[in-house]
Amino acid sequence: MGDQILSRIYPPRTCKNRYVRVPDGHFWLEGDHHGHSLDSNSFGPVSVGLLHGRASHIIWPPNRWQRISPSLPPHRGPLETEEEEDG
């Protein structure tokens with residue numbers, strides 16, 4: 001079903017309802033400078049298939065500053081890359 005987000009500018013300002021439902025398999029991404037970031041507030045939810053990255057730290061709020069240790073839930077395993085499959 002997905003989460004519901006109150007967007008600053010998406011959908012375009014001509015739309016009265018600024019609540020956006022983020023569908024399953026998508027993320028809502030926001031930059032660190034709301035006036036100058038091209039993020040989900042500009043183009044909407046992003047498909048998980050388009051993301052390539054890794055979170056390494058929590059920096060906000062300051063009382064939660066910490067390095068994030070890589071981990072997977074018990075029922076998930078790492079994806080195999082083409083190099084691993086060929087080797």
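Analyst: A residue counts as buried when its relative accessible area is under 20%, as exposed when that value is over 50%, and as partly exposed when it falls in between. The model discussed here is a predicted one.

User: What makes Asn 41 buried?

Analyst: The relative accessible area of Asn 41 is 2%, and buried means under 20%, so Asn 41 is buried. This residue belongs to helix α1, which spans residues 40-43.

User: How do you know that the side chain of Asn 41 makes a polar contact, and with which side chain?

Analyst: The partner is the side chain of Glu 30, at 3.4 Å; a polar contact needs a pair of N or O atoms within 3.5 Å, one able to donate a hydrogen and the other to accept it, and therefore the pair formed by Asn 41 and Glu 30 counts as one.

User: Why is Ser 37 called buried?

Analyst: For Ser 37 the relative accessible area is 16%, and because the limit for buried is under 20%, Ser 37 is placed in that class. Ser 37 is found in the loop between β3 (26-27) and α1, where, leaving aside residues up to four places away in sequence, Ser 37 touches Gly 31, Asp 32 and Ser 42.

User: Is Phe 27 buried, partly exposed or exposed, and how do you know?

Analyst: Phe 27, a residue of strand β3, has 39% relative accessibility, so Phe 27 counts as partly exposed. Beyond residues up to four places away in sequence, Phe 27 touches Val 22, Ser 40, Pro 45, Val 46, Val 48 and Leu 51, each with heavy atoms within 4.5 Å, as a contact requires.

User: Which residues line the largest pocket, and what is its volume?

Analyst: The largest pocket has a volume of about 640 Å³, and its lining includes Phe 27, Trp 28, Leu 29, Leu 51 and His 52. Also among the lining residues are Arg 54, Ile 68 and Pro 70.

User: How many of the residues lining the largest pocket belong to each class?

Analyst: By class, this lining has 7 nonpolar, 4 polar and 1 charged residues. Arg counts as charged, and Arg 54 is one of the lining residues.

User: What joins Trp 60 and Pro 61?

Analyst: A cis peptide bond joins Trp 60 and Pro 61, with omega at about -5°, and Pro 61 lies in the loop between β5 (57-58) and β6 (66-67). In general, most peptide bonds are trans.

User: How many helices and strands are there in the protein, and in what order do the elements run?

Analyst: The protein has 2 helices and 6 strands, which run β-β-β-α-β-β-β-α from the N terminus on. Buried residues make up 13% of the 87 residues, and Asn 41 and Ser 37 are among those in the buried class.

Definitions and conventions: Residues are numbered from 1 along each chain as its sequence is written. This is a predicted model: local features need pLDDT of at least 70, side-chain atom pairs count only at pLDDT 80 or more; totals for chains, interfaces and linings use all residues. Side-chain values use heavy atoms; hydrogens and water are left out. On a 1 Å grid over the protein atoms alone, a cavity is a set of points where a 1.4 Å probe fits but cannot get out, and a pocket is an open set with protein on both sides within 12 Å along at least five of seven lines; lining residues have an atom within 4 Å of a point. Grid points are joined across faces, edges and corners, and a volume is the space filled by probe spheres set on the points. Helices (H or I, at least four residues) and strands (E, at least two) are DSSP runs, numbered from the N terminus. Buried means under 20% relative accessible area, exposed over 50%, partly exposed in between (1.4 Å probe, protein chains only).
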